[in-house]
Amino acid sequence: MPKRTRFTTWRPLATAATAALLATLLTPAAAQAAPRGSEPVYSYDKAVREAVWVDTGLDGDGDGKADRVAVDIVRPREPARQGRKVPVIMDASPYYSCCGRGNESQRKTYDANGDVVQMPLYYDNYFVPRGYAFVGVDLAGTNRSDGCDDVGGRSDIQSAKAVVDWLNGRAKAYTTRTGATRAKAGWTNGRTGMIGKSWDGTIAGGVAATGVKGLKTIVPISAISSWYDYYFQQGAPLYDSGPEWLSDYVNSPDAREKCGAVQQKLVDGAPRTGDWTPLWTERDYVKNAKKVRASVFLIHGMQDLNVRMKHVGQWWDALAQHGVDRKIWLSQTGHVDPFDFRRATWVETLHRWFDHELMGYDNGIDREPMADIERHPDQWSTSEVWPPSGTRATTLRPDRGTQPGVGTLGLHRGHGTETFTDDPGLSETDWAAGIDKPTAEKAGFATGPLSRGLRLSGSSKVTVTATPSTPTAHLSAVLVDIGPDTIRDYADAGEGITTLTNRTCWGASTAGDSSCFKEAKAKTADVDYTVVSRGWADLGTHASAGKGSPLTPGKRYTITLDLAATDHIVPKGHRLALIVAGTDKGLIDPPADTPKLSLDLSRTSADVPFVGGPAAFARATAGAALPPPVAALLDGVREPRTAHRVPEGTP
């Protein structure tokens with residue numbers, strides 16, 4: 001695919017029809033100017049609500065018939081009467097019946113004819129009156145669809161891709177689940193945008209990675225870019241179960257009876273060894289970034305410990321390499337939708353994004369900064385591009401200090417060794433709290449207080465040379481900002497938000513589908529340190545990230561850990577620390593043994609992307625004196641909660 005400019009603006013003839021309609025509603029003077037965006041001029045109460053079943057061409061449940069996926073549609077009635085076709089906003093999800101969508105866990109509800117009454121979330125309420133159709137797709141095996149859910153594999157992706165094909169006249173659909181009466185999508189121009197949080201957003205990315213024609217933009221929120229990295233990181237298991245548990249969790253009762261073979265394939269294809277298998281290759285969307293035709297507006301919480309920021313870094317970099325038009329929001333939250341942390345600005349921005357990408361309005365969003373980043377709770381900054389121009393990896397090196405396990409971090413090669421013993425009962429918060437104390441379970445290295453702020457932007461790597469005492473060992477590497485701050489409490493149950501009782505309304509409502517949702521506010525914590533980025537690995541994958549092997553006790557191994565992407569400013573007066581340890585409680589599972597590891601500091605380093613590169617780090621740390629030893633533990637957020645097994649929230 002050829003390189004593209006950041007955005008490609010198109011101005012369809014349909015926009016002229018919209019302008020003509022608005023001109024009849026405006027004064028003559030106002031009608032002279034071209035409209036800057038879609039307006040709520042259509043009736044939501046009288047919108048067409050219908051269901052079709054799209055043929056996926058697969059037979060996942062093995063019943064001898066092609067699977068059909070249920071597609072619920074809400075679209076404005078007036079454009080079809082006027083001979084005009086509308087674009088589509090689509091959310092393909094496994095959660096419409098089992099678990100619900102959004103902060104209030106809304107499910108689809110239906111009338112006696114089987115047409116949708118309540119479509120979860122506000123997308124239909126807000127966008128249908130503005131001339132969009134909204135389409136909610138039940139992934140195969142879920143709710144009213146045939147087939148089996150296969151957790152991001154061919155069935156999942158084809159469930160949604162087939163709908164995009166149908167919207168563009170390339171696939172078959174029917175008016176009922178089993179009947180022969182065909183359904184046509186003559187009401188749409190085929191221009192489709194996909195949106196969704198977590199698993200839904202993951203499907204959007206997977207469909208975009210097929211290169212399907214007609215998919216013009218995707219808006220993945222807290223989404224997975226490679227399913228291996230949801231369950232493992234470099235061989236280290238992140239959960240105590242595999243994708244078969246998740247498939248069973250979302251499959252309908254009917255699918256559970258038919259999908260035993262699919263379940264077994266998930267078990268066999270995803271061994272708990274953490275080895276890379278063909279199952280993971282099928283579910284790796286990053287490798288197909290070159291096929292992406294759609295623009296991408298990506299939203300993620302930098303403290304998301306469910307779908308972790310590694311998914312952002314590798315996907316974003318791959319999209320950039322292939323010239324994909326893109327935009328990004330990074331919040332301080334965990335696994336939270338922007339509707340619940342920046343509601344008014346989010347709805348306005350999303351509206352303008354879809355207007356530009358799907359309706360062709362020249363509203364200027366393509367000329368605005370690429371990135372919005374939350375610096376403090378509800379305080380945002382922008383970057384023209386992300387990571388910013390002038391960002392370069394800087395190699396930082398740990399060295400021994402005056403106390404065991406309390407070392408320094410700078411630009412010069414270290415010497416000697418540091419040792420620690422894996423303690424599966426401790427987490428990154430325990431390590432960071434004792435950064436200035438000799439402790440047996442971690443090795444910590446910190447700069448002196450910075451003389452000026454230092455910005456990290458992008459993904460880091462930590463190379464560790466370690467000698468284990470046992471045949472198995474897991475490693476964690478953590479970057480920490482040491483200094484007082486007020487941050488979103490991402491370790492709280494709300495992951496950085498508190499849900500309130502009052503509601504605000506976003507679009508039109510009907511008796512069965514309200515556009516009014518509970519408000520939320522920032523849940524904050526006063527801390528002495530902030531974990532900035534993390535990464536994990538099984539040391540047994542030192543030779544290959546996709547294949548583990550037993551270690552020889554007493555033998556030295558070198559491995560590079562990928563740390564999650566981030567964008568964080570370490571303020572003046574704070575310190576930057578690197579911690580290397582074993583099991584990170586609640587975030588990775590422990591190894592079979594309890595190893596003691598010795599680090600060769602001359603062969604251990606961290607490559608950190610600083611804005612301004614090595615020179616910026618050198619200026620910020622010049623003349624910084626190391627603080628005296630501190631006996632007290634530092635305060636932070638509570639330890640990470642036990643990791644989710646569902647890419648939406650706790651089941």
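The legends below describe close-up views of disulfides and salt bridges in a predicted model. Local features need pLDDT of at least 70 and side-chain atom pairs count only at pLDDT 80 or more, while totals for chains, interfaces and linings use all residues. Residues are numbered from 1 along each chain as its sequence is written, and side-chain values use heavy atoms, with hydrogens and water left out.

**View 1. The disulfide between Cys98 and Cys99.**
A disulfide is a covalent bond between the sulfur atoms of two cysteines; here the term covers a pair of cysteine sulfur atoms within 2.5 Å. The structure holds three disulfides. With the bonded cysteines of the protein chain numbered in sequence order, the pairing reads 1-2, 3-4, 5-6. Cys98 and Cys99 have an S to S distance of 2.1 Å. The torsion about their S-S bond is about -85°, so this disulfide is left-handed. Burial is given by relative accessible area: buried is under 20%, exposed is over 50%, and partly exposed is in between (1.4 Å probe, protein chains only). Cys98 is partly exposed at 26% relative accessibility, whereas Cys99 is buried at 15%.

**View 2. The disulfide between Cys148 and Cys259.**
The S to S distance is 2.0 Å. A torsion of about -90° about the S-S bond of Cys148 and Cys259 makes the disulfide left-handed. Cys148 lies in the loop between β6 (133-138) and α5 (154-167), and Cys259 in the loop between α9 (253-258) and α10 (260-269), so the bond ties together parts that are 111 residues apart in sequence. Helices (H or I, at least four residues) and strands (E, at least two) are DSSP runs, numbered from the N terminus. Both Cys148 and Cys259 are buried.

**View 3. The disulfide between Cys505 and Cys516.**
The sulfur atoms are 1.9 Å apart. The S-S torsion of Cys505 and Cys516 is about 95°, so the disulfide is right-handed. Cys505 belongs to strand β23 (residues 497-505) and Cys516 to strand β24 (residues 516-522), so the pair ties together parts 11 residues apart in sequence. Cys505 is partly exposed, at a relative accessible area of 46%.

**View 4. The salt bridge between Arg503 and Glu104.**
A salt bridge is a side-chain nitrogen of Lys or Arg within 4 Å of a carboxyl oxygen of Asp or Glu. By this rule the count is 34 salt bridges. In the pair shown, the closest N and O atoms of Arg503 and Glu104 are 3.0 Å apart. Arg503 sits in strand β23 and Glu104 in the loop between β3 (86-93) and β4 (109-110), a link between distant parts of the chain, 399 residues apart. Arg503 is partly exposed at 41% relative accessibility, and Glu104 is partly exposed at 27%.

**View 5. The salt bridge between Lys310 and Asp229.**
The closest N and O atoms are 3.5 Å apart. Lys310 is in helix α12 (residues 310-321) and Asp229 in helix α7 (residues 228-231), so the pair ties together parts 81 residues apart in sequence. Both Lys310 and Asp229 are buried.

**View 6. The salt bridge between Arg638 and Asp489.**
The side chains meet at 3.3 Å, N to O. Arg638 lies in the segment after α15 (613-621) and Asp489 in the loop between β22 (474-488) and β23, so parts 149 residues apart in sequence are tied together. Arg638 is partly exposed at 44% relative accessibility, whereas Asp489 is buried at 5%.

**View 7. A salt-bridge network of Asp72, Lys108, Asp138 and Arg144.**
Salt bridges that share partners join these residues into one network.
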